[in-house]
Amino acid sequence: EVQLVQSGAEVKKPGESLKISCKISGYSFTSYWIGWVRQMPGKGLEWMGIIYPGNSDIRYSPSFQGQVTISVDKSISTAYLQWSSLKASDTAMYYCARTHVEMATSFFDFWGQGTLVTASS
Amino acid sequence: DVVMTQIPLSLSVTPGQPASISCKSSQSLLHSSGKTSLYWYLQKPGQSPQLLIYEVSSRFSGVPDRFSGSGSGTDFTLKISRVEAEDVGVYFCMQGRHLPLTFGGGTKVEIK
């Protein structure tokens, strides 16, 4: 069974750093891309970026380039999303999702349960 | 970026009645391979999004056959033949043809 299990909710102050995780099981970690999607409170879905665990190739959305860092640790089949300095506007639910990337298309099939990040003073 | 526009924003449906959601993209989602990169997701209350339809009209594993997708190029439609209580939530279309991947704003479906 494909599973993406994300780390728990976080409450941080603006300016603090944060790293959230997404633990994969049920398939070969290095065979599929992993994507991150943001959902701000009461809003829609925004694609942040994707990473290929096989070689750590990363594609960022221009909206998130330089704002976050996506990484993986192959030894523990885990993907990460991190901030060096959170802003209040980073308050949102963040989802990881298994991502198919082909010549003609990219899409998400299985999703994690989400990690709620709250950045508030 | 490809803009995805969904209509309507919300829908209130009597159980057993059909429902239809439109999604339009600002650019063609057809690739020279013949594949059209349009996907539908459902986010049930308090849950993560789940894939319903891939490549316009193919149902994902476990998705009931009351869900169907159609369309081509830039115009797409999701239909629910007979809405059930478990179908409530927000439906999103997504284009996978061009980076950045982009989603429609969502259509909230509720039961009357």
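User: Happy to be looking at this predicted model with you. Leaving aside neighbours within four places in sequence, which residues is B:Gln6 in contact with?

Analyst: Good place to start! B:Gln6 sits in strand β1 of chain B, residues 4-7. Once its neighbours within four places in sequence are set aside, the residues in contact with B:Gln6 are B:Ile21, B:Ser22, B:Cys23, B:Trp40, B:Tyr91, B:Phe92, B:Cys93, B:Gly104, B:Gly105, B:Gly106 and B:Thr107.

User: Is B:Gln6 buried or exposed?

Analyst: The cut-off for buried is under 20% relative accessible area. B:Gln6 has a relative accessible area of 6%, so B:Gln6 is buried.

User: Which backbone atoms does the side chain of B:Gln6 reach?

Analyst: There are two to look at, one oxygen and one nitrogen. The backbone oxygen of B:Tyr91 is reached by the B:Gln6 side chain at 2.8 Å. A polar atom of that side chain also lies 3.1 Å from the backbone nitrogen of B:Gly106.

User: Staying in chain B, which residues are linked with B:Arg66 in a network of salt bridges?

Analyst: Let's take the pairs one by one. B:Arg66 forms a salt bridge with B:Glu86, with the closest N and O atoms 2.8 Å apart. B:Asp87 forms a salt bridge with B:Arg66 too, its closest N and O atoms being 2.7 Å apart. The network that holds B:Arg66 also includes B:Glu84, so its partners there are B:Glu84, B:Glu86 and B:Asp87.

User: Where in chain B do B:Asp87 and B:Arg66 lie, and how many residues apart are they?

Analyst: B:Asp87 is in the loop between β8 and β9 of chain B, while B:Arg66 is in the loop between β6 and β7.

User: Moving to chain A, how many helices and strands does it have?

Analyst: Read along the sequence, chain A runs β-β-β-β-β-β-β-β-β-β-β. The tally for chain A is zero helices and 11 strands.

User: What radius of gyration does chain A have, and what would a compact globule have?

Analyst: The C-alpha trace of chain A spans about 40 × 30 × 25 Å along its principal axes. Buried residues make up 48% of its 121 residues. A compact globule with 121 residues would have a radius of gyration near 14 Å, which agrees with the value for chain A, 14 Å.

User: Which strands of chain A does the salt bridge between A:Asp109 and A:Arg98 tie together?

Analyst: The closest N and O atoms of A:Asp109 and A:Arg98 are 2.7 Å apart. A:Asp109 counts as buried at 5% relative accessibility, and A:Arg98 counts as buried at 7%. The two residues are 11 apart in sequence, so the pair ties together parts in strands β10 and β9 of chain A.

User: How much area do chain A and chain B bury between them?

Analyst: The contact takes 23 residues from chain A and 21 residues from chain B. In chain A, A:Leu45, A:Trp47 and A:Ala104 lose the most area to chain B, together 30% of what that side buries. Carbon and sulfur atoms carry 66% of the buried area, and its total is about 1,800 Å².

User: Which side chains meet in a salt bridge between chain A and chain B?

Analyst: Side chains of opposite charge can pair when their charged atoms come close. The rule finds nine residue pairs in polar contact across this interface, and the salt bridge count between the chains is one. That salt bridge, at 2.8 Å from N to O, joins A:Glu102 and B:Lys35.

User: Which strand gives the most to the side of chain A that touches chain B?

Analyst: β4, β5 and β10 of chain A each supply at least two residues to that side. The residues of that side divide into 11 nonpolar, eight polar and four charged. With six residues, the strand that gives the most is β10(A).

Conventions: Residues numbered from 1 in each chain as written. Chains lettered and ligands numbered in written order. Predicted model: local features only at pLDDT ≥ 70, side-chain atom pairs only at ≥ 80, totals over all residues. Heavy atoms only, no water. Contact = heavy atoms within 4.5 Å. Buried area = accessible area lost by both parts, 1.4 Å probe. Salt bridge = Lys/Arg side-chain N within 4 Å of Asp/Glu carboxyl O. Polar contact = N/O pair within 3.5 Å; in protein donor to acceptor, adjacent residues only side chain to side chain. Helix = DSSP H or I, 4+ residues; strand = E, 2+ residues; numbered from the N terminus. Nonpolar A, V, L, I, M, F, W, Y, C, P; charged D, E, K, R; others polar. Rg over C-alpha atoms; globule rule 2.2 N^0.38 Å. Buried < 20%, exposed > 50% of the residue type's maximum accessible area, 1.4 Å probe, protein only.
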